Amino acid sequence: MIRIRQAVYEDIPNIMRFIDEHWKKGHIMGNDRTMFEFQHVRDGEVFYIIAEDDVDGRIYGSMGYIPMMEQEWPCMSTVMIQSLNNPENRMLGEEMARYFEKNMQCYNLFSVGIEKRYARAIAALGGNIEKLNHYYRLGQKQEFKIASINHYHILPVKKDGVSLVPLKTAAAFEDQIDKEQLYHNYPRKSLRYITHRYYCHPYYTYKIWGLQSKEGITSAIATREEEVNGSKVLRIVDFFGRDADLAMAGHEIDKLLAEGNYEYIDFYCYGIEDSILREAGFSLRDETDENVIPNYFDPFLQKNIDIYFYTWYLPNIHVYRGFGDQDRPNHIINHKKGELK
């Protein structure tokens with residue numbers, strides 16, 4: 001008989017084997033224990049649901065998740081939901097979702113990177129599927145090797161506003177950012193989550209920039225570089241604080257573009273008003289845009305990609321590319337971040 005249950009630490013090798021065999025051969029989450037535990041283990045608790053045969057222990061389905069807060073009833077992101085045909089002909093994906101809803105004491109659920117073809121099943125579960133908006137700001141380059149630019153345009157920005165201050169350590173982030181504004185948007189992300197997710201990543205190096213005004217540092221962005229074809233881009237993967245601060249950051253964003261010699265800065269997001277991002281100088285990459293602003297770098301694909309997400313509740317939410325597992329390596333990396341030269 002197949003039963004659905006919370007995974008424990010001893011299940012990790014079997015879960016990873018299941019991912020490698022049934023998700024994608026060679027996938028990092030099926031072959032790199034460091035990455036698996038970074039994403040799905042805290043204090044010995046394993047953030048995974050599995051469906052297994054209670055006789056032989058074979059796994060027929062799995063669903064990972066990531067809490068954003070340590071408090072009761074946190075918001076969570078689900079990742080890598082996979083189920084197989086099984087002897088009982090059960091809809092394991094739907095059953096794992098219902099098990100999660102019943103047992104996990106989750107206030108709201110997000111799944112970023114969901115395939116649009118699952119919209120009907122998601123609607124049956126009472127959820128909503130939406131698309132992240134993709135914004136970008138081009139650098140002043142003569143040649144683009146990552147993007148494909150058929151129409152070069154940059155929106156004007158104000159020459160004053162907030163300053164971008166590097167928050168190089170988790171301690172600096174905690175000491176300098178306005179805590180009241182940090183939790184301004186929903187879903188809230190705890191300091192522990194932010195520290196682990198962006199300051200302690202085993203492979204990726206993130207730079208966190210505080211948005212400083214006369215009131216202090218009331219917002220922050222998490223960024224990460226991508227490099228391919230001898231060229232670089234900068235990606236905003238998460239945002240914390242007041243939306244309005246972004247509208248005043250255009251001049252500083254242009255400084256980042258110039259100092260980093262980036263082709264562009266891009267930002268996948270949902271919930272921030274279009275007028276705010278346009279005031280910051282960002283253009284919306286939609287179906288009418290002639291430019292190609294790639295999303296996939298591992299491996300690199302010069303193609304526009306729409307990212308859809310699932311959520312239980314829609315009103316007043318802010319969703320970014322950095323949620324869940326959308327910003328993580330897909331293949332095994334042979335060095336830890338601290339070993340980079």
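Mentor: Happy to; we will start with one threonine and its partners, and then turn to other salt bridges. Please keep in mind that this is a predicted model.

Let's begin at Thr-218, which you can find in strand β12, the run of residues 216-228. Thr-218 counts as buried because its relative accessibility is 1%, and buried means under 20%. Its side chain has two polar partners to look at. One is the side chain of Arg-242, joined to that of Thr-218 by a polar contact of 3.3 Å. Another is Asp-245, whose side chain makes a polar contact of 2.6 Å with the side chain of Thr-218.

Now look at those two partners together. Arg-242 and Asp-245 form a salt bridge with each other, and their closest N and O atoms are 3.0 Å apart. Arg-242 has a relative accessibility of 16%, so it counts as buried. Asp-245 is buried too, with a relative accessible area of 5%.

Another one to find is between the side chains of Arg-3 and Glu-52, with an N to O distance of 3.2 Å. This pair links distant parts of the chain: Arg-3 sits in strand β1 (residues 2-6) and Glu-52 in strand β4 (residues 48-53), 49 residues apart. On the Arg-3 side, a relative accessibility of 40% makes the residue partly exposed. Glu-52, on the other hand, is buried at a relative accessible area of 8%.

Stay with that pair for a moment, as Arg-3 and Glu-52 also belong to a network of salt bridges that includes Arg-5 and Asp-11.

For a last stop, go to Glu-225 and Lys-232. These residues form a salt bridge in which the closest N and O atoms are 3.9 Å apart. Why does this pair count as a salt bridge? The cut-off is 4 Å between a side-chain nitrogen of Lys or Arg and a carboxyl oxygen of Asp or Glu, and the 3.9 Å between Glu-225 and Lys-232 falls within it. Glu-225 is partly exposed, with a relative accessible area of 34%, and Lys-232 counts as partly exposed at 24% relative accessibility.

Methods:
Residues are numbered from 1 along each chain as its sequence is written. This is a predicted model: local features need pLDDT of at least 70, side-chain atom pairs count only at pLDDT 80 or more; totals for chains, interfaces and linings use all residues. Side-chain values use heavy atoms; hydrogens and water are left out. Helices (H or I, at least four residues) and strands (E, at least two) are DSSP runs, numbered from the N terminus. Buried means under 20% relative accessible area, exposed over 50%, partly exposed in between (1.4 Å probe, protein chains only). A polar contact is a pair of N or O atoms within 3.5 Å; within protein, one must be able to donate a hydrogen and the other to accept it, and residues adjacent in sequence count only if both atoms are side-chain atoms.
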